[in-house]
Amino acid sequence: MKKKLTTLELIKNIQHGVTIFNDRLELVESNDKFLTIMDFPEKLSKPGTPFIEFLRFNAKRGLYGEGDWEELAQTYLDDIIKNNSHIYDRTLEDGNIVHVHGTFTDEGWLVTTYTDVTAIRGAEQVRQILVREKQSEIEKVEKAELEINQRNRTLEAITENTKHGISLFDIELNLVASNSRFFELMEFPETYKKPGINLKEFFYYNARRGEYGDGNIDEQVAERIALAKTFRAHKFERVRPNGTVIEVIGTPIAEGFVTTYTDITELRQTQYKLEEATKNLQVKVDEQTREIREKQERSLQLITAFDALRESVALVDENDRFVFINRRYKEINKDVSEMLVPGTLFEDYITATVDAGLIPEAIGQEKAWLEKRMDQHRNPSGSFESYRHTGLWLLVSEQKLEQGGTIMLATDITERKKAEEALRENEELLRATAENLPEVFWISKVDSETKYSMQYVNPAFEKIWQRKREELYKDPSVWFSCMHPEDKERVATAAEDFYHEKRPYSEEFRIIPPDGMEKIIHITGNLIKDKTGKITGAAGISRDITHQKQMEEQLRRSQKMDAVGQITGGIAHDFNNILGIIQGNLELLDDIIVDHEKAERRIEMALKGVERGVDITKKLLGFSSKDAQQITLTSVNDYIENLETLIAKSLTASVKVKTLLANNLWKIAIDPGDFEDAVLNLSLNARDAMPEGGTLTLETSNKVLDADYVRRNPTVKLGDYVMVSIRDTGEGFSKEIKDKIFEPFFTTKELGKGTGLGLSMVYGFIQRSGGHISVHSDIGVGTIFRLYLPRSHELTLGLKPQSADHIDLPKGTETVLVVDDEEALRNIATLHLKNLGYDVLVAANSKEALTLLNDTNAIDLLFSDVVMPGQLNGYQLADAAHKVNPDLDILLTSGFTKVQEMTIYSENEYLSSLIESMLNKPYNKSQLAFSIRKTLDTTR
């Protein structure tokens with residue numbers, strides 16, 4: 001038996017329910033059809049479920065009669081085992097009849113099949129009824145005739161008062177029956193209303209009046225007749241020449257097919273759905289009288305037609321009692337099906353639905369709801385929506401009939417309601433998306449041919465333009481109020497051309513918000529048109545591309561320096577050749593001319609000029625060269641210590657030299673000579689920038705340049721670097737000069753005091769070393785040159801460099817107070833720290849910081865900028881905070897003042913320690929993470 005069970009998957013697709021229990025009567029396998037037919041919960045289908053559990057479930061739901069359900073289940077099990085089988089018909093709660101056939105195999109396994117025999121048993125009952133009826137048919141002829149006449153009058157009332165057109169054609173495509181609405185919707189002449197007219201005549205009539213468009217009329221009719229003869233169910237929409245949209249649904253029946261015609265011009269979105277008729281009523285009436293047979297057939301055909309409708313239809317008489325209910329009406333109200341019989345008062349039916357909890361909105365206010373519903377029923381006025389407990393939405397329409405009574409139609413609009421809800425959710429999602437976009441998303445509308453207003457703009461507008469959205473809604477000119485005067489006319493003209501479809505809308509312009517910081521904006525837009533093609537508005541995006549433009553400018557400068565390097569390299573090589581020719585000829589001439597003092601002096605002066613030219617070309621080649629000559633694995637601290645004395649001697653007595661060299665500095669692979677030349681060049685330039693004296697600081701440290709830094713400096717690669725910083729406290733220089741300092745022969749020194757090649761050589765050295773150089777200078781404050789030289793891993797036993805993107809940054813859960821007067825830097829630090837797990841408080845100045853420190857004891861670390869406006873700078877804030885809370889950890893950050901402030905605060909031991917651990921600006925996320933964690937862990 002177990003070997004045979006490897007093919008049990010075959011039972012999944014048969015039309016009978018199947019269960020297999022082993023010799024311990026535990027479930028081995030079952031199919032989904034079994035659960036559907038027997039209405040068992042899915043949890044019982046789990047393999048291993050004891051057979052007794054199924055019997056207990058049946059006992060609980062009353063299938064074995066009244067009594068203790070545990071005893072009933074056990075009795076039933078004992079009977080099955082005793083008889084070695086169980087074969088019976090079971091009538092379920094929903095009225096379905098299931099034939100159960102179970103037997104035991106030789107191995108003691110129980111195999112049972114479950115077959116839905118409702119239709120078979122029903123047919124047997126019908127046959128029995130027909131046999132009995134035939135015996136008394138003659139006596140009931142007159143009574144049947146009266147009943148059929150009454151039914152036909154009822155059905156005719158429904159047919160003539162429904163909003164659907166209905167037609168019935170037989171197998172020969174001849175008209176059997178139709179209602180007036182059919183001819184009204186399709187505009188067929190009165191002469192076509194008599195039964196017997198072939199469908200072909202209707203097609204020819206339509207073709208002749210242009211219903212099917214241009215083409216051969218005979219071919220159009222032949223194509224449709226051929227389709228009709230297939231007697232296949234069909235559903236389509238036709239737009240008539242007069243603009244009316246008709247939904248046509250054809251349903252085949254045994255005698256032909258029923259077609260409904262619905263005007264869905266106004267209700268196109270509801271999209272009535274039809275389904276094939278699932279039942280054909282076959283009633284055989286005594287053929288003794290032709291008149292009774294025809295009426296009987298007509299009655300059955302109309303009932304079939306209404307049962308085929310997707311709409312639920314019911315009719316009550318003048319006494320408000322049901323006289324007709326179609327199949328769909330019964331399906332919707334199956335929980336109160338006992339009320340849906342002719343003769344039931346409508347009020348009793350609607351009360352039963354409320355008592356059964358089928359109307360959610362009536363729960364808790366049953367009496368008031370029933371009064372309102374009955375008032376609607378007695379005085380119908382239009383349609384209303386009704387929600388059922390099953391999640392079904394209905395559009396209910398009631399209409400009084402002239403001859404008395406009321407016809408009720410209900411359309412399933414659940415899909416439409418779901419679509420409306422989905423649309424609402426999508427609108428909310430789109431709005432939420434727009435509200436959180438960093439770019440300015442805007443929608444405008446056209447008020448007139450020359451006037452436009454803003455319909456919507458997201459919050460990013462307020463951040464970039466620094467104006468309230470409400471101001472823009474009231475006055476569209478607010479959009480241009482911050483625009484740079486030089487750009488206004490151009491952008492306004494572009495917008496005008498855009499709205500008149502003369503050209504696409506894609507412009508760049510400058511704005512100057514209230515804070516005075518100029519921004520560059522790129523705007524794009526697309527027109528919005530209605531169904532007729534008329535422009536009703538526009539939508540678009542405005543992006544702040546200031547940072548992007550800065551990055552592009554930085555990249556262009558880098559590319560420019562590469563190009564200049566190539567040019568100067570070529571010039572230098574050619575110039576060297578020329579100098580070689582001149583030098584060689586001068587030396588030859590010096591050998592020829594003897595005892596000519598004046599000529600020899602001139603030759604000597606010319607050769608010195610050649611030497612100067614050679615020195616210049618050497619510098620030019622140093623700038624343009626891409627390859628270092630003598631690469632050595634180096635610790636730069638050693639070279640700086642060796643150079644310190646030389647540098648000090650090269651400077652004036654008023655310039656102090658300080659070094660801050662990091663321990664455990666990484667090794668780098670560079671040309672030591674080039675490095676020494678670079679440091680000396682930068683030191684001498686620093687000397688010239690401090691004619692009245694100052695401080696020159698040489699500093700080294702390990703740095704990790706992460707993705708954030710690379711995004712701001714696109715010419716840099718991710719990775720580990722050794723940073724060498726040369727800073728002075730001199731005069732500084734402007735941004736315009738900064739953009740040119742690395743160009744060959746550019747100098748700010750007086751004529752004769754510099755060649756303009758020193759910084760070019762430094763730039764060439766950095767390029768050859770695969771590094772990066774950054775410059776920061778403030779007039780009157782000083783200048784910092786930072787040389788980033790890539791870490792070398794050649795002597796680390798093959799270990800690969802670890803990208804900054806893949807370093808596991810230290811995290812924490814402490815509370816950090818961030819103090820910085822620059823909002824952008826404050827926000828960056830906040831975001832980095834939150835992403836690392838910290839709780840963050842922020843303050844824009846020392847006053848706000850002290851307030852927060854006094855108000856809460858939960859702050860673990862103060863992270864503050866040094867240079868801030870107000871009465872207290874960062875050092876003074878740190879000193880005050882330390883006095884308030886000596887256990888508070890403090891980390892300071894600055895771009896320039898480390899050495900200067902060390903001099904000023906050298907007598908304050910606590911502040912001196914803070915200066916030593918200061919985090920230099922600019923810092924990246926990695927540097928911030930390690931510095932914060934190191935500060936917190938040092939005192940814990």
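Author: A helix crossing is right-handed if the near helix is turned clockwise from the far one, and left-handed if it is turned anticlockwise by less than a right angle. This is a predicted model.

Reader: Which hand does the crossing of α11 and α12 have?

Author: Right-handed: that is how α11 passes α12. The axes of α11 (residues 346-355) and α12 (residues 366-378) come within 11 Å and cross at roughly 145 degrees.

Reader: What makes α11 and α12 a contact?

Author: On the α11 side they are Phe346, Glu347, Ile350, Thr351 and Val354. On the α12 side they include Trp369, Leu370, Met374 and His377. By class, the residues of this contact divide into six nonpolar, two polar and four charged.

Reader: What else does α12 lie across?

Author: Strands β11, β13, β14 (393-400) and β15 (406-412). To β14, α12 runs at about 50 degrees.

Reader: In what order do the strands of that open sheet come?

Author: The order is β12-β11-β15-β14-β13, with antiparallel pairing.

Reader: Why do β12 and β13 stand at the edges?

Author: Each has a single partner strand, so one side of each is left without a neighbour in the sheet. Neighbouring strands here are turned by 20 degrees against each other on average, direction ignored.

Reader: How many bridges join β11 to β12?

Author: Three, and the strands run antiparallel. Pairing takes at least two bridges, so β11 and β12 count as paired.

Reader: How many bridges does β16 make with β20, and in which sense do they run?

Author: β16 (residues 440-446) is joined to β20 (residues 535-544) by six bridges, antiparallel. Lys445 stands opposite Gly537 there. With β17 (residues 452-457), β16 pairs antiparallel over five bridges. Ile443 has Tyr456 as its bridge partner in β17. Both counts meet the cut-off of at least two bridges, so β16 pairs with β20 and with β17.

Reader: What do β3 and β4 form?

Author: A hairpin, with five residues between the strands. Gly95 in the turn has a positive phi of about 95 degrees. β3 (residues 85-91) and β4 (residues 97-104) are antiparallel, over seven bridges. Ile87 is bridged to His101 in β4.

Reader: Which residues of β3 are on the covered face and which on the uncovered one?

Author: His86, Tyr88 and Arg90 are on the covered face. Ser85, Ile87, Asp89 and Thr91 are on the uncovered one. In a regular strand the side chains alternate between the two faces of the sheet.

Reader: Why is Ile932 called buried?

Author: Its relative accessible area is 0%. Buried means under 20%, so Ile932 qualifies. Ile932 sits in helix α30 (residues 925-938). Beyond residues up to four places away in sequence, Ile932 touches Leu833, Tyr838, Leu861, Phe863 and Leu891. Asp889 is 43 residues from Ile932 in sequence, but 9.5 Å away, C-alpha to C-alpha.

Reader: What span is expected for helix α21?

Author: 26 Å, at 1.5 Å a residue over its 18 residues. α21 (residues 672-689) reaches 26 Å from its first C-alpha to its last, close to that expectation. Its buried residues include Phe675, Val679, Leu682 and Ala686.

Reader: What share of the chain is buried?

Author: Buried residues make up 43% of the 940.

Technical notes: Residues numbered from 1 in each chain as written. Predicted model: local features only at pLDDT ≥ 70, side-chain atom pairs only at ≥ 80, totals over all residues. Heavy atoms only, no water. Axes fitted to C-alpha atoms, helices over the stretch in contact; angles between N-to-C directions. Helix = DSSP H or I, 4+ residues; strand = E, 2+ residues; numbered from the N terminus. Contact = heavy atoms within 4.5 Å. Nonpolar A, V, L, I, M, F, W, Y, C, P; charged D, E, K, R; others polar. Expected span 1.5 Å × (residues − 1). Buried < 20%, exposed > 50% of the residue type's maximum accessible area, 1.4 Å probe, protein only.
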